[in-house]
Amino acid sequence: MAVLATLVRVLVNNMEVWDEIVLELNKELEKVKEVISEGGPSNFSEYQNLVGYCKGIMFSRTTFTSIITNRNQVIDNEED
C-alpha cells in the first residue's frame with residue numbers, strides 16, 4: 001500500500017500533466033461541438049456518431065477528474 005501511495009503522490013504532484021489532459025479533452029470537445037453546430041453532419045447517423053463521441057469525451061473527462069480528485073483526498077488523508 002505504501003508503494004501505491006508513493007506512486008499516486010508522485011503522479012498527483014505532477015498536476016500539470018493532468019491539467020494538460022483535461023485541456024486536450026476540452027479542446028477536442030469544442031472542435032466536435034463546432035462541427036455539429038456548423039451543420040457538419042450530412043445525415044442523422046453522422047450526427048448521432050458525433051453526439052456519441054461528445055458523450056464519450058465528457059464521460060472520460062468527468063471520470064478522469066473524479067479519479068484525480070479522489071486520489072488527492074486519499075493522499076491528504078494519509079498525510080494527516
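Phe44 and Tyr47 lie three residues apart in helix 3 (residues 44–79), a separation of about one helical turn. Helices here are DSSP runs of H or I of at least four residues, strands are runs of E of at least two, and both are numbered from the N terminus. The model is predicted: local features need pLDDT of at least 70, side-chain atom pairs count only at pLDDT 80 or more, and totals for chains, interfaces and linings use all residues. Residues are numbered from 1 along each chain as its sequence is written, and side-chain values use heavy atoms, with hydrogens and water left out.

A search of the whole structure finds two aromatic pairs. In the pair of Phe44 and Tyr47, the ring centres are 5.9 Å apart and the planes meet at 25 degrees, so this pair is stacked. Rings of Phe, Tyr and Trp (its six-membered ring) pair if their centres lie within 6.5 Å; planes under 30 degrees apart count as stacked, over 60 as edge-to-face and the rest as tilted. Phe44 is exposed, at 56% relative accessibility, whereas Tyr47 is partly exposed, at 37%. For these classes, buried means under 20% relative accessible area, exposed over 50%, and partly exposed in between (1.4 Å probe, protein chains only).

## Overall architecture

The chain has three helices and zero strands, and the pattern along the sequence is α-α-α. Of its 80 residues, 15% count as buried.

The accessible surface of the chain comes to about 6000 Å², and carbon and sulfur atoms account for 58% of that area. These areas come from the Shrake-Rupley method with a 1.4 Å probe; for residues, only the protein chains shown count as cover. Among contacts (heavy atoms within 4.5 Å) between residues at least 6 apart in sequence, 64% join residues at least 24 apart.

## Salt bridges

Side chains of opposite charge can pair when their charged atoms come close. The structure holds three salt bridges, each defined as a side-chain nitrogen of Lys or Arg within 4 Å of a carboxyl oxygen of Asp or Glu. One of them joins Glu24 to Lys27, with the closest N and O atoms 3.3 Å apart. Glu24 and Lys27 are three residues apart in helix 2, or about one helical turn. Both side chains belong to partly exposed residues: Glu24 has a relative accessibility of 42% and Lys27 one of 43%.

Glu28 pairs with Lys31 in another salt bridge, where the closest N and O atoms are 3.5 Å apart. Glu28 is partly exposed at 25% relative accessibility, while Lys31 is exposed at 52%.

## Lys33 and its surroundings

Lys33 is found in helix 2 (residues 15–37) and is partly exposed, with a relative accessible area of 40%. Lys33 forms a salt bridge with Glu30, in which the closest N and O atoms are 3.8 Å apart. Glu30, also in helix 2, is three residues from Lys33, about one turn of the helix. Glu30 is partly exposed as well, with a relative accessible area of 45%.
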